[in-house]
Structure formats: C-alpha cells, structure tokens
Amino acid sequence: MIEVKNVSMAFRMTQDRIQSIKEYVVAMAKGKLKYKEFWALKDVSFTVNRGEVLGIIGRNGAGKSTILKVISGILKPTAGSVQVRGNIVPMLELGSGFDFDLTGRENIYLNGSILGYSRKFLDEKYAEIVAFSELGEFIEMPIRNYSSGMMMRLAFSIATVVNPEILIVDEILAVGDEAFQRKSRQRMMELMGGGTTVLFVSHNLDQIREMCDRVLWLDHGQVKMIGETQQVCDAYQI
Amino acid sequence: MRKKWDLPKGCVIVLAILAVLAVLFYFVAGEQLQVRSDATDAVSPSASAGEILPGTTLSQQFSSPGGRLTGFSVLVGTFARQNRGTMYFSVSQQQPGQEPVLIETFAADLEQMQDNSWCQIWLSDPVEDALEKQFILTIWSEGCQTGQAATVYFGNSIATGRFEIGSEGWEPLQQNGVLLDGTLCLQVYGGTDLWFGQYYWAFALGAELLAGLYCLRLCRLQAKGKSCFGLRFIHAVTHYRFLIQQLVSRDFKTKYKRSVLGIVWSFLNPLLTMTVQYVVFSTIFKSDVPNFPVYLLTGIVLFNFFNEACSMGITSILGNASLITKVYVPKYIYPVTRVLSSGINMLFSLVPLFLVMLATQTKITPALLLFPFTLVCLLCFCTGLVLILSAAMVFFRDTQFLWNVLSMIWMYATPIFYPESIIPARFLTIYKMNPLYHFIRFARMVIMDGVSPEPKAYLICFVFALGSLLIGGLIFRKVQDKFVLYL
C-alpha cells in the first residue's frame, strides 16, 4: 500500500532566511551564501500494508511530520522514493482551508474539494456533515460569526466524513465540548477500524497502544525501531 | 474505468468543433483572409497649393503600397465657400523611357465638395502587379473662376507612424512643372494577396488531420495504459475540475461579499474609469480618435483584466501557503484559478462595453465573433505570466513591489487612452514588442472596424499566448518543489 524506500530529506538552512533580492545580492557579494544542511530524514525505509494502522512516535523534531508530508506528496524527498497506491486524505490542521466570508455550506464544498472529494460525494454526505457538526441553522451563516468551537466541529465533520484508502492523522483532535469529544473519538475509531490504512502520529502512548497494529519509532530522522506496538512502546518509554 | 470510455467520444467532439470553427472562421474573417489592405501615410498639410484654376496642373508622382493599386484619397480645401466647376483627377502609370499610360480619370463636382475633407476615389478597375511601379496623379480644374475654385494641400512631414510604408521617397508636388516644397496630401490604397488565404482550406485540413492523428495517438496510449502530456492534461482537467470550480467561485463570492452593490461593481468599475478618462482625454487633452468611448473602454476592460489577474495572481501561492504545506494539490491550480476568476470578472465588464457600443451606435458585425480569440490568447498570456510571478514571489517578496512599478510602465506603454499614432516611428519596433498592444489592437479592429485583422495578427497573438504559457509553465514546474521550503 505504502512503500517508503531509503528516503532522505535535507533542508538547506541559510544563516538567516533570504527573502528579498537585495539581501540575496548582498549575501552573494559577501560570499556568505553558505548553506547549512540539516537532514530531517536519513535513509528511512518501511512499508505499510492495506488496512494497517501504523503509529509513528518520536521526540519533537524527530521527523514525524516530515515523513507524513513526504508520503502525502507535499515534500519531495532529496533522495529515495515513495510509492503510494490509493487516495490519501490528510486530516488538515482543522479549518485551514476555510474562507471566513463564506457560509458554512459554501465552506463544506470548498474544503471538501480541497480534500479531493467529488461534488456527487459531497451532495450525498452534506446532510450527514451538517448533522454531525450539530450546527443546525447556523450552516447558512458566514463562518466569521462562528464561535471557535463551532468552527472546529464543522472542520472535523468535513474531514472525517470520508472513507479514504489512506488516512493521515497528525495528533488526534480533541475538539468541542465533552460530548462532542466523545463523539469524535468514536468517529476516529470507526474510521481506523474500517479497513482504512492509517498513519497516526501522536505523543499519547496510551492512544498508540490502544489503536495501532505496528509502531515506527523515529529518532533524529532515522528509524530507531519498527515492530509490534507493545514492544516498541515499551522500548520508547524507558 | 469510466474515462477510458470517454476519450474517443471526447476526441470526436473536439474534432467536430474544430471543423465547425474552421468553416465558420472562413466566412467571418472573409476578405481580410485573402487580401491585406495597405495604405500609405499622408503628410500633414503645411500649405495649400492655392486656387486651382483652369490652366493650372498639379502632378504628383507616387507608388502603390501593395501589389494591387485600388484607390486614393486627396485632402481638398474649398476656402470655406461655395465653389462652382469640376476638379479632375487622373491616374496614369509611368513607363521608363515612354509616355505615361493613362489609367483612369475622375471628376469631382466642386459644389458638392466639403472644406478640408478627404476626397476618396476608388479605381473602377484596380491595377494589378503595381508594386515598384511609378504612378502619376494629375489634378486640374475646369469651369471655375477666381474666387470659385478649390485647392489641395501639401506638406513635408508625417505626423503618424501607423503604417510601415511611408510616403518618403516620393518626388515633390509639381505645379505646372515647377517643384513645390513638399508632397501632396495624398493617401494611396492598395491590396496584397495573401498566400495564407489562398491555401486556407489546405491549412484547415492539415490542422484537422494533425489534431486527428494526435487524438488517435492519445487513444492508443491510453489503451496501452501509458501516459503522456495530453493524457495527463485531460486527467488533471477532469480530476480537478470541481476544485477549480470551487476556488473560482470562492474568489468571486468573497470579492464583493461585504459590499452593498456587490456584483454591480464589476459593471460599474470599468464604466466609471471610462467616464473619468473620457472626460480627461476628450476635454482637457484633445484626442481625435474616432468613437473614443468604445476605443477607451476596450482598452480599459482588457488591461484591467490583465492588471487584476497579475496583481492578484502574484500572491496566489503565498496566500494559499497554509493549504500548500498541508494538502497535496498540484500547485499550479492556485495561480490558474486566480486568472480564471479575473477572467470571469472581465466577462461581466464586457456588458458595459456592449452597452456603450449600442449607445455610440457602433456597428455590430459578424466580426465580433472573432473577439473571443483575443480573449483566450490574453487569458493564456496572463496565466503564463502569473505562473512566473507567483513563483518568483515565493522566493523574493520584493517581486510584488517591483511588479507595481512594472505594471504602471506597462499601462503607459499600451495604447489604452491614447491613439497609437502618437508614438514616434523610430520607437514603433520596440513599442510593438508589447504583447498587450497586439491583443488590444486585435480587439479594437474587431469591435470598432468590424473587420477581421490580417492573418499575421492572429499569429502574433497566438505566439505570445503560447510562448508565455510555455515559459511560465516550464519555470513553474522547475521550481515548484522548492515552494514548501520557502513558504
């Protein structure tokens, strides 16, 4: 399903980020256009099978988010290759595709299209999304009038309505009041249990133990360990 | 897959549309496809030749601007009074070492003559093979007395640089064999047969055949499961159509969301700009462009589209940074949708243009059907440019400020509110490198003159559009992987 082969990812860091032509020319004239290379990922290889839930753990800056971005095609690896069969739906940082001047309904279609849903699909699921978000009549209002809780509920409802082949989750999202949190947790569990391949990044080891089939432990951009959930988690916790 | 089934059908539809367009184009473009009309520049009048009384003969030597000599016009003056008599114009062809051969003589009734008007005369039988031949126009009067005769003008400088063929090199005007200081105010019309028009059907058939072959290749490749540029393009269009639709409608909805008049601004904006510029340029600065409101509005609508598309498109990658770093969507979608939404906005501003055309009683001709051609070319041109600009903007944030200055220069370098004839002839070559000049010129010819431009104009517009799209696309593709690192 997903095959990651010898993936390395280097970021070039200049001393300070050059963002204007003047700075660029000045830096070049001074001969200071030196880059420091920073390897966010070094020779990472693993495969994920269909229907598997893979947890990814590691410290801050270990390269967890980077590997997710490489897999979803946002970043192009410096070396190595990634092969993905199936459509990927990333759980966006909630609401990042929203336009505040549009109504809830318009945002459902906008955000849905960005996530790669088709019009037919959205037409079918529209009622379900609105029902899940518990927004009721507010759905016809511009979302700049929404409370932050309402916005999060809407975003979560759109992102999880799909039945994707591959789902990428960067931290499980706890949104809304307690009742909604319970509901959203249940929705996540349903998705993960429903034959979907899931890549799941979390710092919450309890969640990882509960949900994952296998776990990948990244450390400083390298695979420290990959294998059975309990084994890896135990090793990580020491 | 469903798409596999669709492709041959789509190909047939596309080919059929192409064929219909080719036939339609032939009839709409009409004569302009076959013959290029040329005209020489007339010198600006600096002196009159005095009353032309019986016994006075003026003769002016001239040459034809095209392969066929079709007619001429002469600036005549009546001293603002009612005259009586007849003025004769006769055209003859000079033969080296022989007497000139008379071609035709025309009579003009002095009583009908308007003061300071161009007296236009068409040869009843155009002279073929006229290029590089010398002709003589002889003017004399009969039946008029002093105080009742008309005159013609002459001069020795050309104020406009509109056409490439100047009248320099003609010998000065002769009055009874005496050379005067300057040439006659005379404009000569000619025509040149275009090989493109003669072989039009061959070209059309060839293009259709090529398109057919390409479609065949696409179908074969698809059957084999291989990929190529065309297939990827079709795939992208079908796959991301919904996304593009949504993004465009978002741009459009948010643009006027919190304004009272809303979409009316799309109509009002060009109309108000036109009014202001019309008042400024028709009262404060005199401008002698015929049908100035339509001239102005055509330029404004097209340039506004260009300007809006570029200034909005330049931030299209940067503005969607939060999406680009989180979801994989082909990055060119963002600049392309930006240009498309500006394009839709422009379509709305065509409504006031149409209204002004009706109000000024501009003739509505079938040539208007050719207008979409220049719009599509302009759209492609903008897309290419926006791809470059938005990519540059990611790496250097000063692009935006640089562009502000550049777009201002561009505005003055484009004939929006001034006639192109004020450009000195020696700058014309540089001036004509401006692609917008060609797009706007095309639009004005179609709208105001009601005729199709010459085939060369199509080619120029097409080349600029395609070139910009290709260069923009290549640059964008080369650098797009680095965007994420700089956002």
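This is a predicted model: local features need pLDDT of at least 70, side-chain atom pairs count only at pLDDT 80 or more; totals for chains, interfaces and linings use all residues.
**Chain A**

Start by selecting chain A and hiding the rest. Its 238 residues, of which 37% count as buried, have C-alpha atoms that fill a box of roughly 60 × 50 × 30 Å along the principal axes. Switch to a cartoon view, where eight helices and nine strands belong to this chain.

Next, colour chain A by domain. Domain 1 is made of two segments, 2–87 and 200–237, while domain 2 covers 94–162. The centres of these two domains of chain A, taken over C-alpha atoms, are separated by 30 Å. For contacts in chain A between residues at least 6 apart in sequence, 72% join residues at least 24 apart.

**Where chain A touches chain B**

Bring chain B back and select the residues at the contact: 25 from chain A and 21 from chain B. On the side of chain A that touches chain B, pick out helix α3 (residues 104–114), which gives the most, with five residues. Colouring that side of chain A by class shows 11 nonpolar, eight polar and six charged residues.

**The nonpolar cores**

Now select A:L54, A:I56, A:I67, A:V198, A:L199 and A:F200. These residues have the most contacts inside the largest nonpolar core, which has 66 residues. In soluble globular proteins, nonpolar side chains tend to be buried together.

Zoom in on A:L199. Which residues is it in contact with, leaving aside neighbours within four places in sequence? They are A:L54, A:I56, A:L68, A:I71 and A:I168.

Then move to a second, separate core of 62 residues; to find it, select B:A29, B:F373, B:L379 and B:A392, which are among its members.

**Chain B**

Finish with chain B on its own. Of its 487 residues, 32% count as buried. The C-alpha atoms of chain B fill a box of roughly 90 × 50 × 35 Å, again along the principal axes. In cartoon view, look for 16 helices and 13 strands.

Colour chain B by domain as well, with 40–193 as domain 1 and 237–486 as domain 2. How far apart do the C-alpha centres of these two domains of chain B lie? The distance is 44 Å. As for contacts in chain B with a separation of 6 or more, residues 24 or more positions apart account for 84%.

Key: Residues are numbered from 1 along each chain as its sequence is written. Chains are lettered from A and ligands numbered from 1 in the order in which they are written. Domain bounds come from an automatic or database domain assignment. Helices (H or I, at least four residues) and strands (E, at least two) are DSSP runs, numbered from the N terminus. A residue is buried if 20 or more other C-beta atoms lie within 10 Å of its own, exposed if 12 or fewer, and partly exposed in between; C-beta atoms are placed from the backbone. Two residues are in contact if their C-beta atoms, placed from the backbone, lie within 7 Å. Ala, Val, Leu, Ile, Met, Phe, Trp, Tyr, Cys and Pro count as nonpolar, Asp, Glu, Lys and Arg as charged, and the others, Gly among them, as polar. A nonpolar core is a set of buried Ala, Val, Leu, Ile, Met, Phe, Trp, Tyr and Cys residues joined through C-beta atoms within 7 Å.
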